[in-house]
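Thanks for coming. Please have the structure open.

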Amino acid sequence: MSRRKSASQFEEAMEELEKLVEQMERGDISLEESLKSFERGIKLTRTCQQALQDAEQKVHILLEKNGQQTLEPFTDE
């Protein structure tokens, strides 16, 4: 999966998750709909967690030098 597609899926999952939470917080849906929304929210959360783990793995790979991991200071330039 390309990095751009992964980032896009993460952003879409976060948007949908936020909408589900808002809808559930309003309390204007039935218990059955709330349970379906909760189940969908769990799936979206897992998708987001996987995307973050993938990104972390890529960062570790990129920072590995000469077979050893090194930490580099972050500069926002």
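**Helix packing, salt bridges and surface**

Let me start with G41, which counts as buried because its relative accessibility is 9%. Buried here means under 20% relative accessible area, exposed means over 50%, and partly exposed is in between, with a 1.4 Å probe and protein chains only.

Some ground rules. This is a predicted model, in which local features need pLDDT of at least 70 and side-chain atom pairs count only at pLDDT 80 or more, while totals for chains, interfaces and linings use all residues. Residues are numbered from 1 along each chain as its sequence is written, and side-chain values use heavy atoms, with hydrogens and water left out.

Now the overall layout. The protein chain has 2 helices and 2 strands, in the order α-α-β-β along the sequence. Helices (H or I, at least four residues) and strands (E, at least two) are DSSP runs, numbered from the N terminus. Of the 77 residues, 14% count as buried. Among contacts with a separation of 6 or more, 50% are between residues 24 or more positions apart; contact means heavy atoms within 4.5 Å. The chain exposes about 7000 Å², of which carbon and sulfur atoms supply 51%. Accessible areas come from the Shrake-Rupley method with a 1.4 Å probe, and for residues only the protein chains shown count as cover.

Back to G41, which lies in helix α2. What does G41 touch, leaving out residues up to four places away in sequence? The partners are L17 and L20.

S37 is buried, at 9% relative accessibility. With residues up to four places away again left out, S37 touches L20, Q23, M24 and I29. S34 sits in helix α2 as well and is buried at 18%. Under that sequence cut-off, S34 touches M24 and I29.

Next, salt bridges, meaning a side-chain nitrogen of Lys or Arg within 4 Å of a carboxyl oxygen of Asp or Glu. How many are there in the whole structure? The search finds 3. One joins R40 and E16, at 2.8 Å from N to O. R40 is in helix α2 and E16 in helix α1, so this pair ties together parts that are 24 residues apart in sequence. R40 is partly exposed at 35%, and E16 is partly exposed at 32%.

Another pairs R26 with D28, with the closest N and O atoms 3.5 Å apart. R26 is exposed at 55% and D28 at 54%. There is also E32 with K36, at 3.6 Å between the closest N and O atoms. E32 and K36 are 4 residues apart in helix α2, so about one helical turn separates them.

Last, the surface. M24, F38 and I42 make a nonpolar patch of about 250 Å². Patches are made of residues with over 30% relative accessible area and no salt bridge, joining like charges within 9 Å and nonpolar side chains (Val, Leu, Ile, Met, Phe, Trp, Tyr) within 5 Å. I42, in helix α2, is partly exposed, with a relative accessible area of 31%.
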